Amino acid sequence: MRLTDEEQRILGGVFGEPQRISLNVLVKLGQAYGADSMVEIASAHVVGSSYQIAGEAGIAIYTQLLEQGARVKVRTTSDPGSIDFARWRELKTPPEYAERQIKIAELLDQMGVIPTWTCTPYTTFNVPRFGEDLGWSESSAVVFANSVLGARTNRLAAYVDLCAALVGRVPRFGLHLPECRRGEVLFELDPDLSANFDDHHFPALGYLVGQVTGDRIPVILGLRQATFDQLKAFGAAAAASGSVALYHMVGITPEARTLDEALGGRQPSERHVVGKREIARIMEQMSTGQGGAVDVVGVGCPHASIDQMRRYATLLRGKRVHTGVQLWICTNTVVEEMARRMGYVETIEQAGAMLMVGTCHNNCPLGAWGFRRLATDSGKFAYYTPTTVGTECLFTSTEACLEAAVTGRVERP
Ligand code: F3S
């Protein structure tokens with residue numbers, strides 16, 4: 001790899017141990033992937049903020065780095081933690097566990113990480129511009145930044161993301177290179193399906209696309225429009241069921257104004273037609289259990305936007321969550337505050353639902369609840385919660401999820 005004079009000096013230890021160690025890690029990563037140089041990044045986003053991910057090793061490493069003077073060099077935001085800092089007692093989080101997450105928060109604060117505690121940093125303090133290079137982890141955020149905003153980042157792993165933050169660079173390979181951003185697998189929507197494409201079809205389609213595509217780049221043809229939240233839900237599902245880090249939706253996402261642009265002037269390596277039957281089949285797969293009594297409902301994955309909070313409040317107004325059911329809505333502190341000012345939080349809480357802020361069902365230890373069946377409108381929750389929460393999962397629409405919370409029962413869609 002060609003390194004600049006400054007990078008050589010970093011490796012020589014001129015700027016301290018944290019930078020030397022970090023650049024060393026990143027150079028080795030770059031060498032493994034054939035990078036020819038490093039590229040400066042506009043921002044970083046780190047998942048090692050969660051105690052569930054970082055563990056005791058994270059606390060030891062962060063402590064050592066701080067003793068050696070570590071400070072992030074670029075704007076850096078934190079992914080959800082493993083507790084809701086305000087409600088961890090209500091969520092039955094063991095105090096000793098909460099204390100370790102609080103310790104990580106203190107260490108990251110000292111390094112200069114902005115405590116956003118969200119998987120949607122692009123809505124608040126870390127909003128990338130088109131073409132900017134980034135060093136991000138969090139699969140749902142990476143796929144949104146690449147696909148919807150046109151920024152450039154590979155899916156970094158925990159710790160590697162912090163290395164990027166500490167030196168403000170990443171190795172230049174993969175999605176940092178224009179030639180590696182061309183679509184490869186084409187999904188054509190049947191006109192029958194695209195004419196009646198509902199909100200919950202976005203995560204279902206994302207789940208299907210991720211499963212088929214793996215780590216390649218899918219191109220979706222046939223949708224006329226998609227909202228911010230629908231793109232967010234689609235990408236998160238595709239990044240969970242596969243490892244999609246970039247998708248193109250023709251006529252919707254910025255590097256896909258035409259099919260030819262999305263494919264970079266080449267032919268796709270595969271073509272798939274998706275119709276109502278394929279969507280029905282994937283929705284079957286996304287539900288691991290039968291319908292019946294539900295004890296936990298999870299919405300807001302990725303973290304809910306203010307539009308989604310308005311929708312939840314509208315759907316819950318004048319209703320009451322069923323006894324024995326927990327309806328938890330995941331979001332971040334910025335959206336929580338706005339939703340509180342706008343009266344949505346009051347409506348949601350009057351209905352008996354609870355906000356889960358700065359974390360989510362997949363990041364918190366929920367063993368004490370003994371949940372058996374989860375209903376969700378999120379493709380990412382549907383993919384992970386059977387393992388992380390140990391429940392059956394029923395994937396359905398947002399309306400059906402909130403209805404399930406009120407009636408205490410959920411049906412397979
Ligand atoms: Fe965010 Fe948790 Fe979903 S981190 S994307 S709400 S699994």
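**Sheet, pockets and ligand**

Student: Which strands form the open sheet, and in what order?
Tutor: Four of them, running β8-β7-β6-β9, with parallel pairing. Strands pair here if DSSP finds at least two bridges between them, and elements are DSSP runs numbered from the N terminus (helices are H or I with at least four residues, strands E with at least two). The model is predicted: local features need pLDDT of at least 70, side-chain atom pairs count only at pLDDT 80 or more, and totals for chains, interfaces and linings use all residues. Residue numbers start from 1 along each chain as its sequence is written, and side-chain values use heavy atoms, without hydrogens and water.

Student: Which are the edge strands?
Tutor: β8 (248-249) and β9 (270-274), as each of them pairs on one side only.

Student: And how many bridges join β6 to β7?
Tutor: Four, between residues 185-189 of β6 and 218-221 of β7, and the two run parallel. Glu188 sits opposite Leu221 of β7.

Student: Switching to pockets. Which residues lie nearest the centre of the largest one?
Tutor: Asn154, Phe173, Gly174, Leu175 and Asp215, out of 21 lining residues. A pocket is an open set of points on a 1 Å grid over the protein atoms alone, where a 1.4 Å probe fits, with protein on both sides within 12 Å along at least five of seven lines; lining residues have an atom within 4 Å of a point.

Student: Which domains does that lining draw on?
Tutor: At least three residues come from each of domain 1 (5-174) and domain 2 (182-285), with bounds from an automatic or database domain assignment.

Student: What about the second largest pocket, which residues are closest to its centre?
Tutor: Asp79, Glu138, Asn363, Lys380 and Tyr384, from a lining of 25. Helices α3 (51-67), α5 (139-147) and α15 (379-388) supply at least two lining residues each, and α15 has the largest share, with four.

Student: Where does the second largest pocket lie?
Tutor: Domain 1 (5-174) and domain 3 (287-410) both contribute to its lining, so the pocket lies between them.

Student: Which residues are around the ligand?
Tutor: Pro80, Cys119, Glu138, Ser140, Gly300, Cys301, Pro302, Cys360, Asn362, Asn363, Lys380 and Phe381, each with a heavy atom within 4 Å. Domain 1 (5-174) and domain 3 (287-410) each give at least three residues to this shell.

Student: Back to the backbone. Which peptide bond is cis?
Tutor: The one from Cys301 to Pro302, with omega near -10°. Pro302 is in the loop between β11 (296-299) and α12 (306-316), and both Cys301 and Pro302 are among the residues around the ligand.

Student: Which residue has a positive phi although it is not a glycine?
Tutor: Lys92, at about 60°. You'll find Lys92 in the loop between β3 (75-78) and α4 (95-111). Most residues other than glycine have a negative phi, and most peptide bonds are trans.
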